[in-house]
Structure formats: C-alpha cells, structure tokens
Amino acid sequence: MIPGSFDYVVANSVPEAVALLQQHGDDAKILAGGHSLIPLLRFRLAAPAVLIDINRISELEYIQESDGVLHIGALTREAALDDSELIGERYPILRDTASGVADPVVRNWATVGGNLAHADPANDHPATMLALGASVVAEGSGGRRVIPIDEFFTDAPFETALHADEILVEIRIPAPGERSGGAYCKLERKVGDYAIAGVAACVTLDANGLVTRAGIGLTNVGAHPIKARAAEQALIGKPLDEANIQHAADLAAAAAQPTSDIRGPAEYKRAMVHTLCVRALRRALARATGATEGR
Amino acid sequence: MASEVHTHHGLGEAYKRKEDARFIRGQGNYVDDVQLPGMLYGDIVRSPYAHALIKNIDTSNALKVPGVLAVITGKDLDAAGLAWMPTLSGDTEAVLALDRVHYQMQEVAFVVATSRYAAADGVAAVEVDYEPLPVVVDPKKALDPDAPLLRPDKKDRQPTNQIYHWETGDRAATDAAFAEAQASGVIVSQDVYIPRIHPAPIETCGCVADYHSATGKLTVWMTSQAPHAHRTLFAIVSGLPEHRIRIISPDVGGGFGNKVPIYPGYVCAVVASLKTGKPVKWIEDRSENLASTGFARDYHIHAEIAADKDGTVKALRVHTLADHGAFDAAAQPTKFPAGLFHICTGSYDFKHAFVDVDAVHTNKAPGGIAYRCSFRVTEASYLIERMMDTLAHNLGKDPAWIRMHNFIKPEAFPYRSALNWTYDSGNYEGALRLAMEKIDYDALRREQAEKRARGELMGIGISSFTEIVGAGPGKHFDIAGIQMFDSCEIRVHPTGKVLARIGVQTQGQGHETTFAQIIAAELGMSPDDVDVEHGDTDTAPYGLGTYASRSTPVAGAATALAARKVRDKAKKIAAYLLEVGEDDLEWEPGRFYVKGSPGKGKTIQELAFAAYTNCPPFLEPGLEAVNYYDPPNLTYPFGSYICVVDIDRGTGEVHIRRFVAVDDCGTVINPMVVEGQIHGGLTQGLAPALYEELSYDENGNVLGGNFQDYLIPTAMETPSWELGRTVTPSPHHPIGAKGVGESPTVGAPQAIVNAVVDALAHVGVRHIDIPITPWKVWNILKEKGLAVD
Amino acid sequence: MSKHHISVTINGTVYEDDVDSRTLLVHWIRDGLHLTGTHIGCDTSSCGACTILVDGRATKSCTMFAVQANGREIMTVEGLEKDGKLHPIQEGFHQEHALQCGYCTPGMMMAGVALLQRNPHPSERDIRVGISGNLCRCTGYVNIVKAIQYAAEKMRASEQVPVSAGEGGE
C-alpha cells in the first residue's frame, strides 16, 4: 500500500529526460501515466532509487496524420485516443484498443507510449501495433532511431529493445490505404481487467477483394505480445471469406502460448484466440468494405 | 400489539434521506477521517505462509526505522493474557501468532509509529523466521485420519480438525420418505459447492483506540456493526471496566457482515494505546481486508429431494461440509453453529427433512458468516432453489409450475416447517405470479423454444425464496451470551422536537431517515423534526447492532413501541389539560381531541411543552420513553426473482438480458430506501453467481486477494434491475414490517444459475457451480458440441 | 529520501507544503490538508473512491504522488458546493437516492462531473462506461445512473445551450 522511498525529479524536455536516464542508469524509472508503475511501487515489487517524471513534456502529446503516416506522441493519453475524431474515423482499431485499457479514470493518465514501453504481455496496444505494422521512435544519448514494432518486443515480458538511456517519443502508423480495416477484440472477466485474450487484426483488400496485407497480433497469451505470422501469411492473396477467416483463426490459435491462471485455463484461452480472431477479422472486413457490421 | 399501520406522515413515503447532507459534501466522519492530536499509527506484519512454525521474530531493524516507536509481538500480548481471544463461535483465535501461523496473511506483529509511512517501513523491516508445515486447504482432506492437526492448541478438547457435528430434523422419518420414493417416487440429488467469497465493503476495517490514563477511559472509534456488543466483549477480554469503555461507530462505509467480528488489529491498537498513552490508528489495506477478515460461505453441500412422480415434494435431506478456516470465528447466534441454514426447506411444503453439518478447520482465514447472508440463509436458499429446478428438469416440468405446485399455501400460515421454524406470513404464489406477469414468462418460454430450434441458447431462471430475519427471541438467540433484543430511546424536547437513539448501527441502510419516519408516523410529526442517532455506546441504549436484516424487525419494533409510550403519556397530559377522561379522547396525526368536539384538542407539540411546564401532578415530568424489544418470533420476508440470460456460444459468456425482482418485506417504511437496498443486494447476488471467488492454491496462497482479481461488478456488469412488490405484513410486528436488506442477496444468485442451467437443460446439464465463469460454460458447450465462433 | 516544495490549488485555494516524494496525493489531501471527503477503498487503483479532478481530468489520487500535483489545479468533493449552492451532481445524488453508505460517493460524483464535462448528453451506456472505474457495493448503480442523468439535464438547462438535432455534445 505504501511505497518505499525514492528520489524524484521532473524532466521538462526529452533531452533532459535522456540526460537523467544517462546519469542514473538502472537506478531510475520513467514515470509517465504511472498506472502500471505506481501500483508496483506501492506493493514494493519495484524499488527504483529515482523516478523521472516526464508528464510535463507536453510536446509529446499529439495525434496527427501527415504524409501517409499517423504520428502519435508517446505521452498521448488513452482518453485522447478514445476521444479523437481522427482516430475514430480512420483508425477505429486504435479506439477499440484505447477504450478497453483499464477504466475511464485511468485512461486520463495512461499513455500509449507507456503501454508499449512497459511491455507487460497483458497490455493491449502491443498486439494492435503489431497488427498495424507500426514503428516506434526512440530518443537517447545516441540520438533518434526508428524501431519497427516487431523488433521492439523481446521474448521476455517487461523487456523491450530500448536502451537504458532511451525513451519512446513517438509511435508511427502507416495511414490505411483504400479498402483497409482493422479491429481489436478483447475478452475480459469484467470491464477494466486485463485480457483473458485479445486479438488485433488489420487487413487491406485489393479491388477484387483479395487480401494484400494482413496483420494479426495476440494479447496476453504468451510471455510477450505475439505476431501471428502464419495466420497473416495464410490470408495473403485470398478472399476474406468465412473459410479463410476460420483457417487464419486456426493458425492464430496455434501461435498462442497461453498458460492457465486466474483468467482461465490455457485451453480456453487458446480457443478464445480463435473466436476473437474470427470476430476481429469479420469486423476488419466490414470496416474495410464500409459494411454496417462494427462501428 | 397488533400491527396497526399508520399511513400518514412518514410511513410508506419516499422521504429523501436526512443523512445525505453530509455525505454529498464529503463531510462524512468515517474512522480514517478521525485525527487526534499526537495520534500514532499501527500496521501489521503478516505471514506469507499458510501453515508454519515461527522460529524467531527479529524486531531490531524495525525499531531503528525513524518514527517507529514499538513492535508488539504475540509474546508481548501473551504476558497480558491477550495473545488469544474468544471468538463468537466458542473457539479461540490468535490475536498475534505465538508459535505458529495458521493461514496466509495471519497477524504476526504490530508496528507502532508516528506516521502511516513509518509504520509501513517498520513492517517491511521486521524479520520473521518461519519453518513451513504441510498445508491443508481441502476440507475433505482435513478429515483424513493422517491429516496434520491444525489446532494443536485445543487438542485436548478437539483432537481432530473437525470442529463440530450439528444436525436437526427427523432423520428416521426422512429416511423412510426417501425409501418410499426410491420404491415408487422420484429422488433427485446434487452436489452443490458454494465457494468462499468476501463482503468487501468499499471502506475497509479499522479503528482509532484512545486510552486516557488520567481518567482510565478508553474510547475506540471503530468500524463496528455492533458497538455495544463490542464494548462488552472488549471489557470481558481486556479486563478494563465496561463503564470506562466507549465505542463509537461513526459513519461506516458499508458492512455486509464484515464489521461484526473483532479483529486482531483492533485489539493491538487498544494495547498500543494503553502502552503509549496516545491514540493509535489502525486502518487495514484492501489486500489485508480480503485475505484476513471474515469471509463468507464455503459450504460443500450434498442435497437430495424425495418426491412423488407428479412432482409433489415429500422430503429433503442435506449434508454439508463447512470450511471454517483456521479459527471458527463465524459470527452467528451461539445456539446455531450453522446459523439459520435449516430454513432450507424454503417456500415449499416438505413433510420431512433432515440436515447435518460437519465443520472443519483448514489453513485459511477465519470467518464464515458474512456478505448479507442472514446467518447462512444464502446457502440454504441457494440449495433449495437449485434442487427445485433440478427436480423440475428431471421430471420434464416447468420450473414455475413445480414451485406453484409445492408452495406453502397462504392459509397455512403461521406455518411450522419440517425443521421447526414457524413462518409468520407469506404469499408465495402472489409474488411469483407478479414476477411472471412483469417479465411475461409465457412469451419467454415460447421465445426460448424458437431460439433453441435455431441453436441459440437462452435461459430463464426462477428463485422463490423465503428469508428468515429479525434475530431474535432472547430465549433462543444470543451473541456471545447477550440476548438479541434491541432498543430505542426517545426524548421529546419542550419545543416539540425529537431526539432518538437506537441500539442498531447503520452502514448505509438509512436508519437516520427510516427510524425517524417510524417515530414521525406514530407521533404525527414531520421526520424533519425527529433526529435519530446511534453508534456511540455512551449515549445509545444497549442494542445488538445491524446485520442479518434485524434492524427493522427488532429495533424498528422497539422504536414504534417507544413512540407509543410517548403518545400514551401525551394522552394522559391531554386528558388532564382538556379536563376529560382518556377514553373521551381521539387521536389524529399530531393531536388528541375531544370526541365530538374536534375543535377542542392539543397538538403533540403543545403536550410536549406542557410535560415540562404544566405537568400533571400524578405524572413524572418530561416526555421521554425507552423500549427494549424482545421479539416474539423472527420475520419471514420473501420474494420471487426471474432472470433471463443469453449465452455467447463463442466465448461462454453469460449476458443477463433481464432480471425482475418481486420482494415482500411486509410494511414498507420508505419505498425509495427499500428499492435502493434491493438494487444493491441484487448486485451482491450477481457477484457471487458470475464473478467473485476467494480461492486458495494447494500451498494456501490466496488467489483473488485484491480488487484486480476479486471481481466486484462495475456498472457495466450490472443490469438494470426491475422491481416489483407485494405486501404481506408480519402479524407479530408492531408496524407489520419484516426487514429486507438481505433478501436480494439471498434470492438472486440461484435465479441467475437456474437461468444458465435452464439454457442448457435440453442437453442434459443439471448444475454448474458458481462462479459461472465463461470457461466453465465454454467447457460444457464444447463437450456438448455447441461451441462456435 | 527527498523532500519537495509544492504549490497546489485545491478548490480555489493555494496550498503550499513540503512533501516527501513518495507521499501519495490522496494521503496528502486527507492527512496533510484534512480534506477527508476523498476516500481510500483499495490498493490496486481499482475502486475509484479516491477520484478527484486534476487539471480538469478525473484522477485516481491514490495513483499519483503529491509532488506530481505541483502547480496543478485540483477539485475535490469539497469544491462542488459553491456559496451554499449544491452542484447539480450533488442534488442529483440526493434526489435520486444514489448513495447509501456514502463512502464511494465523493469519487463517484467526481467521475460523474468529469463525464458530463466531456459529454453533456450521455446515454445510459455512456454513463455506465463513465463510472466503470468506480465501484459501489451498496446501490447497484441504478440510481447513480439516474442521478447523473438528473445532473446532465439540470446542467444543460442552466447552460441554456441550444440543443438541435444532431448535436451530440462531443
């Protein structure tokens, strides 16, 4: 309930944050939304010596589309994604995802960047970003670099490709082409919980309705967020009919590595990957073709 | 005292609540809001092990933490004879563990410090050496002859892990009825497990103990549902003189039975205040609350019904294994170790019944009676409503029909059940008919048939429960020996305003409003002119507190009767002032007047003034009265609930489409308050049916011990409850009221479970244990070939 | 352990204090400033009893450090009533019997205020979503939804915002 002691410092700019990370190394943790970190501190499961508060770096809160790329500042709050008309119209998969993170009060502070950088396999955005083919921009003492999302997560939970002195500054998502649609389906024990399982699916179809691009990401069914590559591959060049959807869902379920825990038996979670993949693909199809199913 | 119901000025009105004024301004006074000069803080070191010997406790580093003043251990308490304390069930429980711990999160040491934060640091710095012992979490295994003895401290009087065997009913006649049914009737049987859950009020437990050495007075602000009983128990356990102990239960943020037991934290805070001479505050965290304070349920039941082939029930036989955790600290009347579980014949006319309960210890937290259970009535009602549905499905009968066919008929009241309860009044058929009408039951059955043909899974579940509340008549009902009467003291001031105090203790039930309405109705005043206080044992008359829905049946009766004493005295004063005999006076709300001369009268306010200024010489001055009410019987609220569910064949999720609740609590004092209680109770019935469970792994680690994993429903999970009402007054209660707080928690879970089972009955499903998680349903769907995407 | 000087505006009043880094905002408000209307109900940021507004945003004050509030504007339940006049949300909770024990009520009302700021025309579903971060054990939420609807109506009426078809208040 009550955290141990630590030092606290405010970073007012990205260079300042980087310099502080350099200075303190492993002793420091970044404090963004704080709704993953602060509970850990309160249960004394983490005990950093220094917290670097980056919440004042308001330049990192933005959502803008330019030159065929959606740029989301890493400090953008889930509530902002949820409220954004741009997101709702052109990237509804992000609204699906953001609106299911925790609860509306937490969403006022929780950040997209934090959701990715904390790399809890139970977090929702990783699967969606994998499905979208996003990339993230990191800034550290070595300058800025762009990391494709499927190189960002490692095999271990709570671990990313970020160096010790880097922070995430931006997430980049390719703007959807014509006949593109995506959806995130999350199954939870109750509203506000982490996922029992979650599936993010994005598709792009050509003029004949054949799939030219497919992205499928899985939430909380493994030690890290999972990109269901075989399922994605199986859809390329195919129509997104029920049979192909079922087949892709089979492959997505096979790619899952769930464990049994308080959120259900492994066998159930694997089966739910299947069910959610089918539902996500159906909704993605509806959005890609402008049909009325889904928002 | 027949139940004259006065339908004016207060009774039956949806009076807006008087207590709201402070709560909506954030000016409630809950225990953690109490801040006293020089106040210290306590925090508890708890065992990570479910079963272990304590080899050593090293407090040296903790004492070095800045702000830490003391660390109290079991040895320190033992020197004062306080390491163990009696429970409300005749057992003893550790205050701080001495040589061993019996459950994960058990209290091991109490750190006292100058701030909350220092106390937490102190706790983190206490080092305890444990030697783990084998853990018993399965109550059946606790009965194995080679099971480790979990309570060596009482091995002389209890040589095994079995705490008691209790039985009631006519075993021989019941067995004979079953034999007959075996030959020419029908027997249905079911194993029903009701898992451990936790009442989890949003305010956790805590206290501020303040001992003044100069006066010898101990004041304890405490989250207490029963302040007077707690005061007496403190006096007995500590040896402090009872007239110098004051318990103040200020505003309580929800109780639901969680705040009836005495917890080690309270005792330690008192000891710490005695030691330091300063106030000591102890407030537990949510994780501590869930894992160590009084749990509810944990009954493993095997039930059987013997019936005729036409569906007429004849006999009920129930065997229960009760898991009480490491200490039997269940809070129920002492003569009833299984509470009122033997109400389990429910609303149905069973000729014979036999119930037995075996209780055992396991390495889990103590408790058993909580979560709006009415003393195990939740368990009883759950089992009979599940069994009636099982009977219906086995015989191919409609569940509504089987209930109507077997209901106790209205003309049978007062009805003596096969397990010796005398039900005061009831109209079960009326409640069920109203519920069926409101939900359009016949249309739903038609819809179900259509949907079934298309492979859609929809279910309708009924629960027609009988409650038993208002404990209770003193010759049978006592808490730790204290008879379960209750009280009200009324003072009418010279200017006609009323201050009343009652022996019960609200934790949200709205007593400041509803009891004011009772008095206002009796005296013909506005509830605005009647203020009701409670919770301070120095000023409130002795009462047994609020739990098990007893406030209205017992203290409500005392209140009506005390008000009638006031009115009777006022009548004497009126007769004197008007110079007539008492028989020449009539009463209308707020005044007495001379028969035939309505213009000649005196208002209650004038009479109050006269009581102090012009009192008849043959009367004592003043206008005050007190009543201590020993109820002649319990009361029996009842109702019928109907739930409609749709099952997602892809995920196994259960969606509640509709839930209609018809309740009968006799006379309704405030319909708005009653409806609010029902909304909340239904939500606490939904929760165990689909979401909540406090379980343990095989090492005795608590699972679901925080609000991330203990799934309290939010507004998203909770349906829009639809309510209805019938009114069947209690013939023995002064205003005909029965109480209602726990009816919905008693009645609701099985309506939901019955609906889910009903959705799958056509493929042979007869029971699913709660909580009905999506994966439990999905496993069934898969097994039956019904799972899709 | 570092101490920091903070200056925070709460309900229009500026408070200056020296706090430890680790002091939770809810503890500072309750124990430090004696504003005890904001409550604590859990330790996993789940129950919302501690909900306040920080710079206009609903915030679980148990999941923020007091130091983070430096320079910010906070509203707690104590700031709802102005010059003896109750806020429509307070009125709504009283009129619709949306509270019983009162413990979740301050946080619930603040979440309601935040919801109505974002969406003056919420549907029942919007309201249930909006309060899904606030747990109540007593009321079953039915009357809380009605209370927020009451407040929404009252606030729309007093703003005299012309409501024409199609304006959803986004």
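B:Pro771 sits in the loop that runs between helix H18 (743-760) and helix H19 (774-783) of chain B. The model is predicted.

**Another cis peptide bond**
- B:Phe413 and B:Pro414 are joined by a cis peptide bond with omega of about -5°.
- B:Pro414 belongs to the loop between helix H11 (399-406) and strand S19 (415-416) of chain B.

- A:Phe158, which is not a glycine, has a positive phi near 60°; A:Phe158 lies in the chain A loop between strand S7 (143-148) and strand S8 (167-174).
- B:Ala200 is not a glycine either, and its phi is positive at about 40°.
- The loop holding B:Ala200 is between strand S10 (186-197) and strand S11 (206-212) of chain B, and B:Ala200 is buried at 0% relative accessibility.

**Cysteines**
- Over all chains, the structure has zero disulfides.
- The closest cysteine sulfur to that of B:Cys207 is in B:Cys268, 9.4 Å away, which is too far for a bond.
- B:Cys207 is buried, with 0% relative accessibility.
- C:Cys136 is in no disulfide, and its nearest cysteine sulfur, in C:Cys104, is 3.8 Å away; the cut-off for a disulfide is within 2.5 Å.
- C:Cys136 is buried, with a relative accessible area of 5%.

**Helix H4 of chain B**
- Helix H4 (residues 116-125) of chain B is largely enclosed by the rest of the structure, because nine of its ten residues are buried.
- The buried residues of H4(B) include B:Arg116, B:Tyr117, B:Asp121 and B:Val123.

How values were computed:
Residues are numbered from 1 along each chain as its sequence is written. Chains are lettered from A and ligands numbered from 1 in the order in which they are written. This is a predicted model: local features need pLDDT of at least 70, side-chain atom pairs count only at pLDDT 80 or more; totals for chains, interfaces and linings use all residues. Side-chain values use heavy atoms; hydrogens and water are left out. Buried means under 20% relative accessible area, exposed over 50%, partly exposed in between (1.4 Å probe, protein chains only). Helices (H or I, at least four residues) and strands (E, at least two) are DSSP runs, numbered from the N terminus.
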